[in-house]
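Hello,

Here is the structure I promised to hand over. Please open it first, then read my notes below.

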Amino acid sequence: VLKLAGLDDPIQAEDEGYENVRFESLDGMSASIGIEKACNPYGDAILAYEMNGEPIPRDHGFPLRMVVPGYSAVRNVKWVSRIEL
């Protein structure tokens with residue numbers, strides 16, 4: 001998603017003044033992660049739209065959920081409606 005927005009790597013993002021990626025949910029909750037975690041090609045942060053080969057259930061974040069292993073659960077935003085740099 002970030003590559004489609006024109007950001008190829010965290011160094012480019014930091015040079016352009018971006019430090020974090022912010023995720024907002026349909027229920028108004030928001031959380032952010034560092035740009036280096038979001039852009040790392042070896043990282044494990046994902047936007048999930050499926051779970052076990054099926055569309056992700058509503059209770060687990062349908063239509064889109066941010067999953068950021070290694071961060072507190074509050075960073076795993078359910079019902080993602082907006083992503084900002």
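**What I found**

W79 is partly exposed, with a relative accessible area of 25%. Its place is the loop between β6 and β7. W79 is not a glycine, yet it has a positive phi of about 55 degrees. Please keep in mind that this is a predicted model.

**The overall fold**

The chain has two helices and seven strands. Along the sequence they follow the pattern α-β-β-α-β-β-β-β-β. Along its principal axes, the C-alpha trace spans about 40 × 25 × 25 Å. Of the 85 residues, 25% count as buried.

**Backbone points to look at**

N52 is not a glycine either, and it has a positive phi of about 60 degrees. You will find N52 in the loop between β4 (50–51) and β5. Is N52 buried or exposed? N52 counts as exposed, because its relative accessibility is 76% and the cut-off for exposed is over 50%.

There is also a cis peptide bond, which joins F62 and P63. Omega is about 15 degrees there. P63 lies in the loop between β5 (54–55) and β6 (65–67).

**Salt bridges**

How many salt bridges does the count come to? The count comes to five.

Start with E84 and R22. These two form a salt bridge, and their closest N and O atoms are 2.9 Å apart. E84 lies in strand β7 (residues 80–84) and R22 in strand β1 (residues 20–25), so the pair ties together parts that are 62 residues apart in sequence. E84 is partly exposed, at 26% relative accessibility. R22 is partly exposed too, with a relative accessible area of 28%.

Now go to R82. R82 forms a salt bridge with E84, and here the closest N and O atoms are 2.6 Å apart. The place of R82 is in strand β7. R82 counts as partly exposed, because its relative accessibility of 46% falls between the 20% and 50% cut-offs.

Which residues are linked in a network of salt bridges? They are R22, E24, R82 and E84. E84 pairs with R22 and also with R82.

Another salt bridge brings together the side chains of D59 and R58, at 4.0 Å from N to O. D59 is exposed, at 55% relative accessibility. R58 is exposed as well, with a relative accessible area of 63%.

**The negative patch**

Next, the surface charge. D8, D9, E14, D15, E16, E19 and E36 gather in a patch of negative charge on the surface. Two of these residues are worth a visit.

D9 sits in the segment before α1 (10–15). D9 has a relative accessible area of 31% and is partly exposed.

E19 is in the loop between α1 and β1. With 61% relative accessibility, E19 counts as exposed.

**Two distances**

I also noted two C-alpha distances. R82 and L26 are 56 residues apart in sequence, and their C-alpha atoms are 8.4 Å apart in space. E19 and M66 are 47 residues apart along the chain, and their C-alpha atoms are separated by 18 Å.

**Where to start**

- The loop between β6 and β7, with W79.
- The loop between β4 and β5, with N52.
- The cis peptide bond that joins F62 and P63.
- The salt-bridge network of R22, E24, R82 and E84.
- The patch of negative charge, including D9 and E19.

Best wishes

Methods. Residues are numbered from 1 along each chain as its sequence is written. This is a predicted model: local features need pLDDT of at least 70, side-chain atom pairs count only at pLDDT 80 or more; totals for chains, interfaces and linings use all residues. Side-chain values use heavy atoms; hydrogens and water are left out. Patches are made of residues with over 30% relative accessible area and no salt bridge: like charges are joined within 9 Å, nonpolar side chains (Val, Leu, Ile, Met, Phe, Trp, Tyr) within 5 Å. Accessible areas come from the Shrake-Rupley method with a 1.4 Å probe; for residues, only the protein chains shown count as cover. Lys and Arg count as positive and Asp and Glu as negative; His and the chain ends are not counted. The place of a charge is taken as NZ of Lys, CZ of Arg, CG of Asp or CD of Glu. Helices (H or I, at least four residues) and strands (E, at least two) are DSSP runs, numbered from the N terminus. Buried means under 20% relative accessible area, exposed over 50%, partly exposed in between (1.4 Å probe, protein chains only).
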